[in-house]
Amino acid sequence: MNLLPEFKKRNVKVIGLSCDSISSHTEWCKDIKCYGGYNEEYKFPYPIIADNDRALARKLEMMDMDELDPAGIPLTARAVFIVDPNKKFRLSFLYPATTGRNFDEILRVLDSLQLTDKAKVATPVDWKMGDDCMVLPTLPEDQVTKVFPQGVTVVPLPSGKNYLKKTSCPKI
């Protein structure tokens with residue numbers, strides 16, 4: 001709940017999916033609000049889909065076959081799906097039921113997707129908003145200075161090829 005302002009800043013809508021009943025969600029929301037330091041009157045900030053029969057979880061392949069409940073039913077994995085404004089499925093993270101999600105990574109990926117949708121760049125490993133980006137190698141050489149008037153740095157490579165180029169993070 002404390003990260004919701006970060007999602008709103010990125011114009012991202014959050015929704016939950018749970019294989020528990022609505023009454024179970026109501027109780028769980030109370031626990032989460034307490035854990036987050038909110039009082040009971042605080043309105044839970046995002047919707048939760050009840051998937052008691054696990055039909056949607058199965059369809060989305062969210063079942064963790066290695067972790068079973070006492071009845072021998074597979075637990076649902078901790079999944080994150082990113083769907084863009086055009087309703088295009090862009091990314092999924094599927095964590096085992098025993099492992100929590102890394103929300104810093106989810107926010108980093110959202111930043112990268114939103115940036116690379118608007119600029120002719122790619123984001124390198126461990127990139128964070130504001131860090132240098134990579135110029136798309138598909139950008140024709142004669143357009144590089146037009147698209148990146150602030151300049152680019154060519155990374156020297158043993159092959160002598162000039163396909164790795166860095167530029168400052170574009171403002172979007």
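Helices are DSSP runs of H or I with at least four residues, strands are runs of E with at least two, and both are numbered from the N terminus. The model is predicted: local features need pLDDT of at least 70, side-chain atom pairs count only at pLDDT 80 or more, and totals for chains, interfaces and linings use all residues. Residues are numbered from 1 along each chain as its sequence is written, and side-chain values use heavy atoms, without hydrogens and water.

Asn 11 sits in the loop between α1 (4–9) and β1 (16–18). Glu 61 sits in the loop between α3 (55–59) and β3 (63–68).

**Second largest pocket**

A pocket is an open set of points on a 1 Å grid over the protein atoms alone, where a 1.4 Å probe fits, with protein on both sides within 12 Å along at least five of seven lines; lining residues have an atom within 4 Å of a point. The second largest pocket has a volume of about 210 Å³. Helix α4 (residues 103–118) gives the most to its lining, with five residues. The lining includes Glu 6, Arg 10, Asp 126 and Lys 128. By class, it holds eight charged residues (Asp, Glu, Lys and Arg count as charged), two nonpolar and no polar.

Key
Points joined across faces, edges and corners; volume = space filled by probe spheres on them.
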